[in-house]
Amino acid sequence: MHDTDLSGGAAHVPHRHDRAVRIGIGGPVGCGKTALTAALCRVLRDELSLAVVTNDIYTTEDADFLRREAVLDPERIVAVRTGCCPHTAIRDDITANLDAVEDLTARFDPDLVLVESGGDNLTATFSYGLVDRQIFVVDTAGGDDVPRKGGPGVAGADLLVINKVDLAPLVGADTDRMAADAARVRAGRPTVLTSVRTRPDVAEIAAWVRARVAARAAAA
C-alpha cells in the first residue's frame, strides 16, 4: 500500500496519457465524503476499473476505513498524509496527490480515480491540474444556511451533494430551502439531495459519474 506524505515542490500540471477520469470529492469534516467514496466504489466497481486517493492531515484513517470495508482491492487505495490544511494539498501544492494518482494510473490503468480531500471549509476547491471534475459535499446537520452562504466549493463544484437529508427533521433543517439556495448560487450546475446512509446506491451521483466516464471515452 503506497501511502505517502506531502512534500515540498511546486505544483505541476500533468501531461495526460491515461484514460482515467479524475474526480475530486471535497467538503467539510463529517459531511460524508468517505461514505460517498465507499458507496461509489461499491456501485461502480463491477463495471469500471477504479482507484482511490484519500487525504488526511496526520493519519491514514479514511484509506484504512475503505480497505476494511473492502470496497476495492487494497492496492488500489492510497493515502496521502498532507501535514497541512487540506486545501493546500488539493489546490496549492498538489505534488503528493498527483504523484499518488499517477502511480495508480500507471499500475492499474483505471477508468476512474476518486480523490477524496481531507475535511475542509467552503473555500476548498481542487486544482484542475489534479482532477477533471469536482464534487462538493455538505450535509443538513451542518446547517441549512450553508448553501446560501455559497463559497467556491458550494458555488463552483461540478456537482453539489447535500447529504444526510434523513437527519433534516432532527436538526431542524429545511431541505427545500437548501435546494432553492443552492440553485440560486450555482448558476445551473447540478445539485443532488440524498442520504448516503439510507440510499447506498447513490443512484443520481453514480449516474453523473458514469456520464463523465462515458464522455471521456467518447472523446478518446
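Helices (H or I, at least four residues) and strands (E, at least two) are DSSP runs, numbered from the N terminus. The model is a predicted one, in which local features need pLDDT of at least 70 and side-chain atom pairs count only at pLDDT 80 or more, while totals for chains, interfaces and linings use all residues. Residues are numbered from 1 along each chain as its sequence is written, and side-chain values use heavy atoms, with hydrogens and water left out.

Please select helix 2, residues 61-68. Within helix 2, the residues D62, A63, L66 and R67 are buried. Viewed down the axis of helix 2, these buried residues fall within an arc of 135 degrees and so line one face of the helix; the arc is that of the directions from the helix axis to the C-beta atoms. Buried means under 20% relative accessible area, exposed over 50%, and partly exposed in between (1.4 Å probe, protein chains only).

Next, display the side chains of R67 and D64. These two residues form a salt bridge, with the closest N and O atoms 3.5 Å apart. A salt bridge is a side-chain nitrogen of Lys or Arg within 4 Å of a carboxyl oxygen of Asp or Glu. Both R67 and D64 lie in helix 2, 3 residues apart, about one turn of the helix. R67 counts as buried at 13% relative accessibility, whereas D64 counts as partly exposed at 26%.

**The loop at E75**

Select E75, in the loop between helix 2 (61-68) and strand 4 (77-81). To which side chain is E75 joined by a salt bridge? The partner is R107, at 3.6 Å, N to O. Because E75 lies in the loop between helix 2 and strand 4 and R107 in helix 4 (residues 95-108), the pair ties together parts that are 32 residues apart in sequence. E75 is partly exposed, with a relative accessible area of 30%, and R107 is partly exposed, with 31%. A distance drawn from E75 to V52, C-alpha to C-alpha, is 9.5 Å, for residues 23 apart in sequence.

Move to S49, in the loop between helix 1 (33-44) and strand 3 (50-56). Is S49 buried or exposed? S49 is buried, with a relative accessible area of 15%. Its side chain makes a polar contact of 3.0 Å with the side chain of R76. A polar contact is a pair of N or O atoms within 3.5 Å; within protein, one must be able to donate a hydrogen and the other to accept it, and residues adjacent in sequence count only if both atoms are side-chain atoms. Leaving aside neighbours within four places in sequence, S49 is in contact with R19, R76, F108, D109, P110, D111 and L112. Among these residues, R19, D109 and D111 are linked in a network of salt bridges.

L112 itself is placed in strand 5 and is buried at 0% relative accessibility. Beyond residues up to four places away in sequence, L112 touches several residues, including A20, V21, I23, L44 and V213. From L112 to P147 the C-alpha distance is 28 Å, although 35 residues separate the two in sequence.

**D145 and K149**

Select D145 and K149, whose side chains meet in a salt bridge (3.4 Å, N to O). D145 is partly exposed, with a relative accessible area of 23%, while K149 counts as exposed at 56%. A search of the whole structure finds 14 salt bridges.

**The whole chain**

The protein has 9 helices and 8 strands, and its C-alpha trace spans about 45 × 35 × 35 Å along the principal axes. Buried residues make up 52% of the 220 residues. Among contacts between residues at least 6 apart in sequence, 80% join residues at least 24 apart.

Colour the model by pLDDT, the predictor's confidence in each residue, from 0 to 100. The protein averages a pLDDT of 92, and 92% of the residues score at least 70. Over residues 4-15, however, the pLDDT is below 50, and this stretch has 31 contacts in the model beyond near neighbours in sequence. Where pLDDT is low, the predicted coordinates should not be read in detail.

Conventions: Contact means heavy atoms within 4.5 Å.
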